[in-house]
Amino acid sequence: MERSGLAVETGKPLSLSHDIAMRAFTTPPLRTARLTLRPLAEADVPALFRIHADPLAMRYWSAPVWKDEQRGRDMVARDLDPAITGHLRLGIERMPTDAVPGMLVGTCTLFDIDEQCRRAELGYMLASSAWGQGLMQEALRAFIGHAFDELVLNRLEADTDPRNQRSMRLLERLHFVKEGHFRERWIVDGEVSDAAMFGLLRRDWPAPA
Ligand SMILES: CC(C)(COP(=O)(O)OP(=O)(O)OC[C@H]1O[C@@H](n2cnc3c(N)ncnc32)[C@H](O)[C@@H]1OP(=O)(O)O)[C@@H](O)C(=O)NCCC(=O)NCCS
């Protein structure tokens, strides 16, 4: 999971594809009807902190609730440093409307990228205030399309807490298939939890809306 990205968050070296990771610096913004997906910037730190300081959003995450903005600064610094970046993370920015101001509402990440096998793990985080509007579905349709079509990956994996119903509904809507259940895979803040493992193959994409 970013429940995605424990490796990303700890900065532990990844079995990365430097080539794919470098795309974080060259990927043009991906645009959808309501969103722009683009690399993070230092100006995003306060929004990243608000998102990750929320116990509701962090309930099934692979790391504890953030206590200070330093975590956000570290996240952005790692993303901006080509020498250590081993993932492709894009910020999800909501376009402004008359009703809602434009703002960073989340992130999506490809990590544990295996160049030889053309596979990566997918992680995603959406501010709880933005849930229930189909925004992550919209973001991931563009991001997954980019992963298969531009990065030519063959397989994406997602690891989610089996109690995380929203996350599993999202994966199933995107045509991920549940492939396994790993017992006691995570210990976060002393809480032990299982992992539901999902996979999506390039040949099963695009998923119908
Ligand atoms: C997992 C997570 C992204 C799901 O968010 P979400 O808003 O439920 O996901 P979606 O973008 O798929 O939105 C679907 C919901 O929006 C509703 N919706 C409203 N308008 C919609 C629209 N225009 N299009 C599609 N769906 C719409 C759907 O009915 C659905 O609600 P339902 O599941 O109650 O039926 C979010 O809960 C999250 O970020 N959690 C914290 C981080 C986390 O746990 N990540 C997973 C770790 S692997």
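Guide: We will go from the whole chain to single residues.

Visitor: What kind of model is this?
Guide: It is a predicted model.

Visitor: How many helices and strands does the protein chain have?
Guide: Six helices and eight strands. Along the sequence they follow the pattern α-α-β-β-α-α-β-β-β-α-β-α-β-β.

Visitor: What makes the sheet mixed and open, and in what order do the strands lie?
Guide: The order is β1-β2-β3-β4-β5-β6-β8-β7, an open sheet of eight strands with mixed pairing. Take two examples. β1 and β2 run antiparallel, whereas β5 (residues 119–126) and β6 (residues 155–160) run parallel.

Visitor: Why are β1 and β7 said to stand at the edges?
Guide: Each has a single partner strand, so one side of each is left without a neighbour in the sheet.

Visitor: How do you know that β1 and β2 pair?
Guide: Pairing takes at least two bridges. Two bridges join β1 to β2, so the two strands pair by that rule. L30 stands opposite L37 in β2. A hairpin of three residues joins the two strands.

Visitor: What about β2 and β3?
Guide: Four bridges link β2 to β3 (residues 88–94), in the antiparallel sense. The bridge partner of L35 in β3 is R94.

Visitor: And how many bridges join β5 to β6?
Guide: Three bridges. With a threshold of at least two, β5 and β6 therefore count as paired. R119 has R155 as its bridge partner in β6.

Visitor: What makes the side chains of β2 alternate?
Guide: In β2 (residues 35–38), L35 and L37 point to one face and are buried.

Visitor: Which residues of helix α4 are buried, and why are they said to line one face?
Guide: In α4 (residues 70–80), G72, M75, V76 and D79 are buried. Seen down the axis, the buried residues of α4 fall within an arc of 90 degrees, so they line one face of the helix.

Visitor: Which residues have the most contacts inside the largest nonpolar core?
Guide: A139 and F143, in a core of 43 residues. Helix α5 (residues 135–149) gives the most to this core, with eight residues. In soluble globular proteins, nonpolar side chains tend to be buried together.

Visitor: Which residues does A139 touch?
Guide: T32, L35, L37, I92 and C108, leaving aside residues up to four places away in sequence. Such a contact needs C-beta atoms within 7 Å.

Visitor: Why is D189 called exposed?
Guide: D189 has 8, so it is exposed. D189 lies in the loop between β7 and β8. Its phi is positive, about 55 degrees, although D189 is not a glycine.

Visitor: Why does H175 count as partly exposed?
Guide: H175 has 15 C-beta neighbours inside 10 Å. Exposed means 12 or fewer, and buried means 20 or more. The value for H175 lies in between, so the residue counts as partly exposed. H175 is found in the loop between α6 (165–173) and β7. Phi of H175 is also positive, near 70 degrees.

Visitor: Where is the cis peptide bond, and what is its omega?
Guide: The bond joins W205 and P206, with omega about 10 degrees. P206 sits in the segment after β8 (191–201).

Terms used: Residues numbered from 1 in each chain as written. Predicted model: local features only at pLDDT ≥ 70, side-chain atom pairs only at ≥ 80, totals over all residues. Arc of directions from axis to C-beta. Core = buried A, V, L, I, M, F, W, Y, C linked by C-beta atoms within 7 Å. Contact = placed C-beta atoms within 7 Å.
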